[in-house]
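Open the model in your viewer and keep the selection panel at hand. This tour goes one stop at a time.

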Amino acid sequence: MSDSPVMTQGVMEAAKHAHPPYQRHHFESVAQQADATNFAMWIFLLTEIMFFGGLFTAYLILRNWYYPAFVAASHQLNIGWGTGNTAVLISSSFTMAMGVWCAETRRKSGLVLSLVLTFLLGLVFLGIKTIEYSEKIEKHHVPGFHYSVQSFVNPASDPDSVAYGDKPLAMDMARKTELYFFLYFAMTGMHALHMIIGIAILGYMIFRARAGAYTNGHVTFVENFGLYWHFVDIIWIFLFPLLYLISRHQ
Amino acid sequence: MSSATIVNLPDQSTAKIPKMNYLSKENGLLSWLLTGDHKRIAILYLISISFFFFIGGALAGLIRLELLTPQSDLMATDTYNKIFSMHGIIMIFFFLVPSVPATLGNFFIPMMLGAKDLALPKINLLSWYLYVAAGILALYSMMTGGVDTGWTFTTPLSTHYVNTNVITTGIAIFIAGFSSIFTGLNFIVTIHKMRAPGMTWFRMPLFVWGHYATSILMILGTPVLAIALVLVVLERTVGIGVFDPAKGGDPLLFQHLFWFYSHPAVYIMILPGMGVISEVISTFSRKRVFGYTAVAFSSVAIAVFGFFVWAHHMFIMGISNYSVLIFSLLTMLVAVPSAIKIFNWAFTLYKGSITFETPMLYAFGFMGLFTIGGMTGVFLGTSGTDIHLTETYFIVAHFHFVMVGGMLMAFLAGLHFWWPKMTGRMYPEKISQLAALVTFIGFNLTFFPQFILGTLGMPRRYASYPPEFQVLNVFSTAGATILGVGYLLPVLYLTWSLKYGEIAGDNPWQATGLEWQTQSPPLTENFREIPIMDHEAYDYEWLERQKEKEVASVG
């Protein structure tokens, strides 16, 4: 590449040791490459925060306006499933962190095991989410044509509402529960979409890790995926209290 | 008096375009469609945004033609609504937002930093594909009925009262948004991590600073637009109610989310242009930009302030008086960094050795027109006058002065300035100076009457108007015709110059940026060896010393 007699630092350095195959041509060193891609991932996560931020804003505003409806509607969520799912997700973050550590310390079987566990825990999360969603469908709590305010204008008809001693809401307030459920589906749905994308990438990574990738010193991809996975986890850490926990006993 | 030009071309009888360059390295369509080279992607972007510019321009022509007469006679009023909506959508999302960053920024940021490429070449290519996909979808929705909400998709109009292609257009803009997020992300990573040895933050050209500020806006603002559009699409398809007052939602919430992006987007559109102007003004007055640090930080300040002024688009939409007061004050603050830039460019010119090549003419156009556009923005930021002027032609004139008079002039300045570097050939000087002049005259004739029309009370977005406004509208339409000629000329002579232009050599302008210290057109890896930056930006004495060294070594 350089036919000039004057060689500059960068070129000399590059000439000293041969490039590993995973170093892209436009980077000066592997360290620079890892640094740049890591930084890019952090910025991407920043855009994700802004993306979810719009939904969180809508949630906070509407919750303030229609407080009784949001409280009554949140009583419909199953706190057992929610807590269970939180535990599942935190465990998956742990196994993912183990995966990154295994990749860094070049333990191939450990990496594959961690990735498989993360993959399975991700599937368990989605499974539980499906159970929760189907409960909502059965009760006609999915916003749209079939939405029913029965549980809120007549709480006595609904065991979940009875359990919390909900008082009947006036019709106009009861109808606002539909907004709560829309936000519930939009936010957890958007979160689940991120999980599905993550699980798909995990599948690809397991396949590659078995072939020996990531344990040859080039761990950027695993690290960056780890960041993504933890981010998705953290979104849930905010969704869980906002949707399930706060004002539980009012 | 020195000569009236700084252009320094090699001897035309012996000069040749370097055999090995980024254009000649590989051939065939696939070598372009699968390229990772930031320069080739910039060219792809240049072709695509020009295509969309002329579609948007044709729509603008139709608008002006309709407004030639007071009656709605050229097209039905519904059609007129669609035409101006599509004009806005195409010009903003498919031309202005990617215009300078995706073409000139893509091409020159790595070169100015002394890097071989952007940090993430594949993401860069992906961003172009997303742009093309979004563009095709937008054209498809235009041809299958169009959309008539205006480019702002204002709820509840867009969710409840129209039955046009809001969903497809919304998805198109959603996709285009990701293309711009990826561009911004790539720039930020590149500027942080890919600078050549010695290239400190305060040795970077101001063009790079402008793009850094732009990228911050892109990555923080665009996702919010994305979610706002997702919600509009869901509101239309499922009827979710977040923006529907009948279900307890709030149409104003959409406005907040939309303008949280779309006001910063105004700065996404202008900041890269300001970067171009800094380069051009310095080069053609042979002086370091006055107050380099202030200009650099004013870009960042615009980016930061830009996030705190969005509600000035909503003064008449029922937000509280206190919000109006605060947002009005904050809006005034943005005028400060913008003024810093204009003043510093003026001081750069002071006692400089000014020459009047085409990029400089466009830059002068920018300075004048942007100042008018910016000052009239203060009228609109003041809530009292805003109530009278908003939704009239005054606001149309205001943002066209900033966007067309500002950004488009800057884009053309940059395109002419870097054309020799991109293609290795000069554009023809005389006719391009004429084009710059025609553009300036046509522009003023088109948009200045609109300030008067707006003050008199002519509302925007109507196909017909009272007959007493006709004289000024005829002026405006006549100006638009001249403006059209001004934009067609560069297409013709720039295409001509690809084959017949003079050979430019490495550094025809005697400019100081690293991008000029390599061959034109550049090699795929930009530099034969990684440059080491050992001087400040815009150091013309360093350039002189370089030349002396060269002469000494050749001698």
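The radius of gyration used here is taken over C-alpha atoms, and the globule rule is 2.2 Å times the number of residues to the power 0.38. Keep that in mind for the opening stop. Note too that this is a predicted model.

**Stop 1: chain A**

Select chain A. What radius of gyration does chain A have, against that of a compact globule of 250 residues? Chain A has 24 Å, but the globule would be near 18 Å. Along the principal axes, its C-alpha atoms fill a box of roughly 85 × 35 × 30 Å. Show the cartoon: chain A has 10 helices and 0 strands. Buried residues are 36% of its 250 residues. Of its contacts with a separation of 6 or more, 76% are between residues 24 or more positions apart.

Now colour chain A by pLDDT. The mean is 88, and 92% of the residues reach 70 or more. Then select residues 1-16 of chain A, where pLDDT stays under 50. The model has 19 contacts beyond four places in sequence for this stretch. Where pLDDT is low, the predicted coordinates should not be read in detail.

**Stop 2: chain B**

Switch to chain B. It holds 16 helices and 0 strands. Its radius of gyration is 23 Å, close to the 24 Å of the globule rule for 555 residues, so chain B is as compact as a globular protein of that length. Buried residues make up 56% of the chain. Among contacts between residues at least 6 apart in sequence, 85% join residues at least 24 apart.

**Stop 3**

Select residues 121-143 of chain B. This is α4, with 23 residues. From first C-alpha to last it reaches 33 Å, close to the 33 Å expected at 1.5 Å a residue. Step just past α4(B) to B:Gly145, which takes a positive phi of about 130°.

Next, take residues 429-456 of chain B, helix α14. Its 28 residues reach 41 Å, close to the expected 40 Å. B:Gly457 follows α14(B), and its phi is positive, near 110°.

**Stop 4: where the chains touch**

Show both chains. How many residues does each chain bring to the contact? Chain B gives 36 residues and chain A gives 33. On the chain B side, α6 (166-193), α7 (206-237) and α8 (251-285) each supply at least two residues. The largest share, 7 residues, comes from α7(B). By type, the chain B side divides into 24 nonpolar, 5 polar and 7 charged residues.

**Stop 5: the nonpolar core**

Look for the largest nonpolar core, which has 226 residues. Those with the most contacts inside it are A:Leu183, B:Ile90, B:Leu113, B:Ala228, B:Ile277 and B:Ala413. Centre on B:Ile277. Beyond its neighbours within four places in sequence, B:Ile277 is in contact with B:Trp345, B:Ala363, B:Phe366, B:Ala410 and B:Ala413.

**Stop 6: a loop residue**

Finish at B:Gln519. It sits in the loop between α15 (470-500) and α16 (540-554) of chain B. Buried, exposed or in between? B:Gln519 counts as partly exposed, because it has 18 C-beta neighbours inside 10 Å. Set aside neighbours within four places in sequence, and B:Gln519 is in contact with B:Pro18, B:Asn21 and B:Asp506.

Notes:
Residues numbered from 1 in each chain as written. Chains lettered and ligands numbered in written order. Predicted model: local features only at pLDDT ≥ 70, side-chain atom pairs only at ≥ 80, totals over all residues. Helix = DSSP H or I, 4+ residues; strand = E, 2+ residues; numbered from the N terminus. Buried ≥ 20, exposed ≤ 12 C-beta atoms within 10 Å, placed from the backbone. Contact = placed C-beta atoms within 7 Å. Core = buried A, V, L, I, M, F, W, Y, C linked by C-beta atoms within 7 Å. Expected span 1.5 Å × (residues − 1). Nonpolar A, V, L, I, M, F, W, Y, C, P; charged D, E, K, R; others polar. pLDDT = per-residue confidence, 0-100.
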